[in-house]
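Open the model in a viewer and keep the selection panel at hand. The stops below go from one selection to the next.

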Amino acid sequence: MNSFKDIFERYQWDEVKERLGKVTHSEVLNSLQKKQKTMDDFLNLLSPAAAQELELMAKMTRHLTQKRFGKTIQLYAPMYLSNECQNICTYCGFSLDNNVKRKTLSDTELMIEASVLKSMGVNHVLLVSGEANNTVGISYFQNAVRLLKPNFANISIEVQPLSEEEYLQLHKEGVYSVLVYQETYHQEVYKEYHPKGKKSNFNFRLDTPDRIGRAGIHKIGLGVLLGLEDWRVDSFFNALHIDYLQKQYWKSRFSVSFPRLRPAEGIIEPNFIMEDKDLLQLICAYRIWNEDLEISISTRENEKFRDNIISLGATAMSAASKTNPGGYAVDVESLEQFETSDERSMEEVKNSIRKAGYDPVMKDWDPAYSGI
């Protein structure tokens, strides 16, 4: 059975880092001019040498995004189901070693949170939880999806890695997309960030998108936690993963997200600072390399950056996000996973999108179209 691990093991972290440092300006220009982009071209566009062509890359990104996705931004909101977690992760507010009050939403609380999101016009909800299999496992997720499905056109999940059979079950329930982040592809230091819990198993997590793909999930979302390790090297491996998945599971759609480390209870400081111009370069590199890739920007980013990125590659944005279970109405003081930066309301974000000449889209897919 094929898996990304076979490809991953052909590359070495230090060798990729060295290659990035040796890219020349002429190689960057050559990659920009090519019609069909390869992984080598993506590496060139990630390199320090490409930073001097950021203005040109931004213009190309705007054109390519409008050509493929039009002038629209899909809006969604996360609903945090639980902050209980069995993992120790040095960068997360939900980490097991944080001595804080834990909460998991009941059926009634799920519906209260849903009603608030519906009143905001949300039609695409992302269900998020800590990784606690005994409390929030497959049966909890199935029940939550069944309860919420009548209220939302599109349900996505970002939870612990599951088995292929469990993803099949969620697919049958109507889950549209699954997001899973490797956090970092630097295998040698991965354990330092994840010293305890199932998440410390690097290879099990690495194989998760394959299990999602084999289960026939409509969309698979990937990303790395920007700030743990060198963002250029990590992003190369993330794109390598997407490249493999698109070829292997060609019926699925794919998205990439860019979570930057934000303040949270008990977390470490970023090891690598990523400036806004670096993130812009990364977004441009992804779009120029892959015109079909959906690009999602969360409320981790400040409103100025998010407003500017509307016309520079973004296809989806979260808005009015609460990163704690019950944060919209049930328990606004419960532990949040991280602090948001853009705290505007859904309507304020929609107005900013319209001001930029784009259309905010609350619903662009319905289960009725696929017979789910």
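Select helices H12 and H13 together: their crossing is right-handed. The model is a predicted one. H12 covers residues 231-248 and H13 covers residues 276-289; their axes come within 12 Å and cross at roughly 25°. Because angles under 35 degrees count as roughly parallel, H12 is roughly parallel to H13.

Now show the side chains at this contact. From H12, the residues are Trp-231, Arg-232, Ser-235, Asn-238, Ala-239, Ile-242 and Asp-243, and they meet Asp-278, Gln-281, Leu-282, Tyr-286 and Trp-289 of H13. Coloured by class, the residues of this contact divide into 6 nonpolar, 3 polar and 3 charged.

Stay in H12 and pick Ser-235. Is Ser-235 buried or exposed? Its relative accessibility is 2%, so Ser-235 counts as buried. Leaving aside neighbours within four places in sequence, the contacts of Ser-235 are Phe-42, Leu-46, Val-224, Leu-226, Leu-282 and Tyr-286.

Next, select Tyr-286, on the H13 side of the helix contact. Which residues does Tyr-286 touch, not counting those up to four places away in sequence? They are Phe-42, Ser-235, Asn-238, Ala-239, Ile-242, Val-256, Phe-258, Leu-293 and Ile-295.

Draw a C-alpha to C-alpha distance from Phe-258 to Ser-235: the two are 9.6 Å apart in space and 23 residues apart in sequence. Beyond its neighbours within four places in sequence, Phe-258 is in contact with Leu-226, Leu-279, Leu-282, Ile-283, Tyr-286, Ile-295, Ser-296, Ile-297 and Glu-301.

Phe-258 and Tyr-286 are also the residues with the most contacts inside the largest nonpolar core, which has 100 residues. In soluble globular proteins, nonpolar side chains tend to be buried together.

For another helix pair, select H7 (residues 138-148) and H8 (residues 164-173). These two helices pack at an angle of about 10°, with their axes 10 Å apart. H7 is therefore roughly parallel to H8. Show Ile-138, Phe-141, Gln-142, Val-145 and Arg-146 in H7; they meet Glu-166, Gln-169, Leu-170 and Glu-173 in H8. This contact of H7 with H8 has 4 nonpolar, 2 polar and 3 charged residues.

The last stops concern backbone angles. Most residues other than glycine have a negative phi. Select Glu-183, in the loop between strand E4 (177-179) and helix H9 (187-193). What is the phi of Glu-183? The value is near 75°, which is positive in a residue other than glycine. Glu-183 is buried, at a relative accessible area of 8%.

Then move to Ala-320, in the loop between strand E8 (316-318) and helix H15 (346-355). Phi of Ala-320 is near 55°, again a positive value in a residue other than glycine. With a relative accessible area of 15%, Ala-320 is buried, because buried means under 20%.

Methods
Residues are numbered from 1 along each chain as its sequence is written. This is a predicted model: local features need pLDDT of at least 70, side-chain atom pairs count only at pLDDT 80 or more; totals for chains, interfaces and linings use all residues. Side-chain values use heavy atoms; hydrogens and water are left out. A nonpolar core is a set of buried Ala, Val, Leu, Ile, Met, Phe, Trp, Tyr and Cys residues joined through side-chain atoms within 4.5 Å. Buried means under 20% relative accessible area, exposed over 50%, partly exposed in between (1.4 Å probe, protein chains only). Contact means heavy atoms within 4.5 Å. Axes are lines fitted to C-alpha atoms, for helices over the stretch in contact, and angles run from 0 to 180 degrees between N-to-C directions. Helices (H or I, at least four residues) and strands (E, at least two) are DSSP runs, numbered from the N terminus. Angles under 35 degrees count as roughly parallel, over 145 as roughly antiparallel, 65 to 115 as roughly perpendicular and the rest as oblique. A crossing is left-handed if the near helix is turned anticlockwise from the far one by less than a right angle, and right-handed if clockwise. Ala, Val, Leu, Ile, Met, Phe, Trp, Tyr, Cys and Pro count as nonpolar, Asp, Glu, Lys and Arg as charged, and the others, Gly among them, as polar.
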